[in-house]
Amino acid sequence: MAYTYIIVGGGSAGAVVAARLSENPAHSVMLLEAGPKDTNPWIHVPIGVAKTIRNPAVNWLYATQPDGATSNRPMALPRGKVLGGSSSINGHVVTRGQPEDYDAWAQLGNPGWDFDSLLPYFRKLEDAIGFDDPARGHGGPMTVKRSQGLDELTRLMIAAAGECGIPYNADPNSRNADGIGLVQRAVRNGRRVSTARGYLKPARHRPNLTVVCNAQVSRIVFEGRRATGVEYAVGNQLHQAAASAEVIVSAGAIGTPQLLELSGVGQGQRLRNLGIDVVHDLPGVGENLHDHLLARGAWELTKPISMNERSSGWPLVGQAIKYGLTGEGLLGNAIAHMIIFTRSSPDVDRPDLEITLSPFTATKAIDFKKLDKTPGVFMSCVPLRPRSRGHVHICSADVRDHPAIAPNYLHDEADQRVAIAGLKLIRRLLTSPAFDSCRGAELWPASNKQSDADLLQYVRDTGLTIHHVVGSCRMGPANGGVPAVVGPDLRVHGLQGLRVVDASIMPSIISGHTNFPTIAIAEKAADMIKADAAR
Ligand SMILES: Cc1cc2nc3c(=O)[nH]c(=O)nc-3n(C[C@H](O)[C@H](O)[C@H](O)COP(=O)(O)OP(=O)(O)OC[C@H]3O[C@@H](n4cnc5c(N)ncnc54)[C@H](O)[C@@H]3O)c2cc1C
């Protein structure tokens with residue numbers, strides 16, 4: 001049987017495209033997802049990210065290549081391998097980025113991708129509870145709520161930010177991100193809202209939508225230069241499915257270039273070296289990979305105003321009851337409660353630095369398995385517009401082998417400077433008068449690390465991904481001077497019947513977290529595909 005559309009990958013983008021395209025009963029839609037259904041209970045409990053982040057049942061558990069700039073540490077790079085993809089295992093922090101991020105995409109030769117053109121999709125995708133700015137959306141599939149915060153710590157943090165010249169911002173997802181605000185979360189009634197829940201669940205009953213889980217696509221099938229279907233495996237069983245209109249690849253910033261290369265689309269010589277027949281020599285595939293790197297500061301507090309004291313014994317029971325009754329508290333919150341967007345130096349024209357505040361510390365168990373016993377707080381700083389660029393490429397012709405992932409964190413000196421500025425700002429915040437009444441010892445980076453060289457070495461030794469890999473199939477004109485993979489219509493250059501719709505198409509990362517921007521991309525793509533079909 002031939003489907004009208006086959007979508008590879010049921011993640012943040014793929015689930016949206018499948019749900020939107022199947023709104024038209026005249027089109028049959030097949031969605032193939034390598035991972036299982038989203039039945040793991042920790043997916044749905046907001047704090048469960050601490051569990052799924054290392055669970056191979058729902059996570060690809062990639063690692064980066066060792067790299068001198070990050071002290072030769074292979075860095076864990078989780079990606080969702082489950083219905084909903086990374087939106088099922090992410091930190092559910094909601095940000096849009098800044099209008100200028102998207103305007104820059106348009107200026108690179110991608111008409112229709114400026115912020116004003118994307119705003120209707122940001123509004124369409126969300127149900128923003130407690131926001132009345134006209135730029136916010138209501139009634140959409142992805143619920144957004146402010147984090148509750150912790151009264152005393154939230155108050156101190158806003159005061160400390162004020163003392164550092166950072167104003168309060170009631171909605172950093174308005175056009176102006178500048179300032180400190182409560183984190184916004186994709187959570188409804190105390191449960192995560194992934195794209196599987198927000199988009200696919202209401203669409204699953206449609207007879208024209210076929211969702212196959214545990215189905216890993218190993219190859220796009222071509223007739224000449226037209227994509228006509230896919231080959232996929234469920235267990236040891238190999239299957240083929242045909243697409244009469246289009247194959248849409250939404251396998252994410254790692255999975256999409258991997259699948260294109262396995263299918264003979266990519267750098268010709270690289271593919272021939274692996275014994276893969278070249279369908280189309282497209283040098284940009286797998287290039288331009290980039291990500292956000294975070295560095296952390298942590299302090300002891302001398303008053304019981306953090307989550308540490310509530311994370312064991314009877315207080316934890318209290319938190320569990322609170323979660324059961326209200327969906328809030330330790331289990332219902334994001335890992336970060338407050339977010340700052342600010343400038344790394346006065347001569348930067350718009351915020352290029354994010355700081356998040358988490359009301360706990362886990363200095364002995366870096367993976368948050370167990371919080372520290374005494375009160376503490378930690379903050380992360382993230383250079384928002386890194387200039388370092390890396391790549392991701394397959395190492396074999398076997399889809400089961402992970403590709404080699406090299407984000408090249410900190411390769412550009414500008415990224416090093418912003419990271420150092422971020423750590424210094426964390427110090428200024430925690431040593432500002434607001435915290436005088438409860439400040440304890442500095443745990444990270446540790447007070448003996450003062451010089452820029454010390455701080456940079458600390459970032460190299462301990463920096464971590466904040467999980468925002470993008471850009472590995474960048475959007476741009478075919479002859480625009482940079483090796484683009486898809487055009488502004490998201491069709492793969494030089495081929496027919498094939499589009500890429502996911503975070504890999506971002507020409508440059510947005511100044512924030514990437515889930516909602518990826519969903520907005522998918523909403524726009526679905527409209528473009530529908531419009532093409534109508535023509
Ligand atoms: C741990 C973690 C925390 C994060 N925290 C946040 C956050 O708090 N806020 C935020 O905004 N963003 C966050 N992100 C980033 C955000 O979730 C991603 O940018 C976004 O989900 C990317 O969407 P995507 O559609 O490109 O890829 P994904 O959502 O990863 O979807 C790709 C899908 O394709 C499937 N797939 C891959 N290869 C194949 C194949 N060959 N055959 C079939 N299926 C395949 C995968 O299993 C997956 O389901 C986080 C990400 C992670 C991993």
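A residue counts as buried when its relative accessible area is under 20%. By that cut-off L490 is buried, because its relative accessibility is 0%. The structure is a predicted model. The briefing below covers the domains, the ligand and its surroundings, and a number of individual residues.

**Domains**

- The domain assignment divides the protein chain into domain 1, made of residues 1-141, 188-291, 393-399 and 467-535, and domain 2, made of residues 148-182, 293-383 and 410-462.
- Taken over C-alpha atoms, the centres of domain 1 and domain 2 are 30 Å apart.
- To the contact between them, domain 1 contributes 35 residues and domain 2 contributes 30 residues.

**Ligand surroundings**

- There are 37 residues around the ligand, and those that come nearest are S12, E33, S86, T514 and N515.
- E33 places a polar side-chain atom 2.6 Å from an oxygen atom of the ligand.
- For N90, a polar side-chain atom lies 3.1 Å from a ligand oxygen atom.
- In V82 the backbone is involved: one of its N or O atoms is 3.4 Å from an oxygen atom of the ligand.
- The ligand taken alone exposes 990 Å², of which the protein buries 98%.
- Two elements, β12 (215-223) and α13 (515-534), each give two or more residues to the shell around the ligand.
- With three residues, β12 supplies the largest share of that shell.
- Sorted by class, the shell comprises 14 nonpolar, 19 polar and four charged residues.

**Helix α5 and its cover**

- Helix α5 spans residues 115-125, and its buried residues are F115, L118, L119, Y121, F122 and L125.
- The elements that cover these buried residues include α4 (99-107), β5 (126-128), β6 (142-146), α7 (195-203) and α13.
- An α-helix has 3.6 residues a turn, so residues three or four places apart point the same way.

- R427 belongs to helix α11, which covers residues 413-430.
- The relative accessible area of R427 is 11%, so this residue is buried.
- A polar atom of the R427 side chain lies 3.2 Å from the backbone oxygen of A446.
- Not counting residues up to four places away in sequence, R427 touches W299, E442, P445, A446, S447, K449, Q450 and L455.
- P445, one of the residues that R427 touches, is located in the loop between β24 (439-444) and α12 (452-462).
- The peptide bond from W444 to P445 is cis, and its omega is near -5°.

**Positive phi angles**

- Most residues other than glycine have a negative phi, and most peptide bonds are trans.
- H92 is not a glycine, yet its phi is positive, at about 50°.
- H92 sits in the loop between β4 (76-77) and α4, and its relative accessibility of 3% makes it buried.
- L490 is likewise not a glycine and has a positive phi, of about 65°.
- The loop that holds L490 runs between β25 (464-465) and β26 (498-500).

- A245 lies in strand β14, residues 237-249.
- A relative accessible area of 25% makes A245 partly exposed.
- Leaving aside neighbours within four places in sequence, A245 is in contact with Y3, T4, Y5, R226 and G497.
- A245 and Q496 are 251 residues apart along the chain, while their C-alpha atoms are separated by 9.5 Å.
- K51 is placed in helix α3, residues 49-52.
- K51 is partly exposed, because its relative accessible area is 44%.
- Between K51 and L331 there are 280 residues of separation in sequence and 12 Å in space, C-alpha to C-alpha.

Conventions:
Residues are numbered from 1 along each chain as its sequence is written. This is a predicted model: local features need pLDDT of at least 70, side-chain atom pairs count only at pLDDT 80 or more; totals for chains, interfaces and linings use all residues. Side-chain values use heavy atoms; hydrogens and water are left out. Helices (H or I, at least four residues) and strands (E, at least two) are DSSP runs, numbered from the N terminus. Buried means under 20% relative accessible area, exposed over 50%, partly exposed in between (1.4 Å probe, protein chains only). A polar contact is a pair of N or O atoms within 3.5 Å; within protein, one must be able to donate a hydrogen and the other to accept it, and residues adjacent in sequence count only if both atoms are side-chain atoms. Contact means heavy atoms within 4.5 Å. A residue is near a molecule or strand if one of its heavy atoms lies within 4 Å of it. Accessible areas come from the Shrake-Rupley method with a 1.4 Å probe; for residues, only the protein chains shown count as cover. Ala, Val, Leu, Ile, Met, Phe, Trp, Tyr, Cys and Pro count as nonpolar, Asp, Glu, Lys and Arg as charged, and the others, Gly among them, as polar. Domain bounds come from an automatic or database domain assignment.
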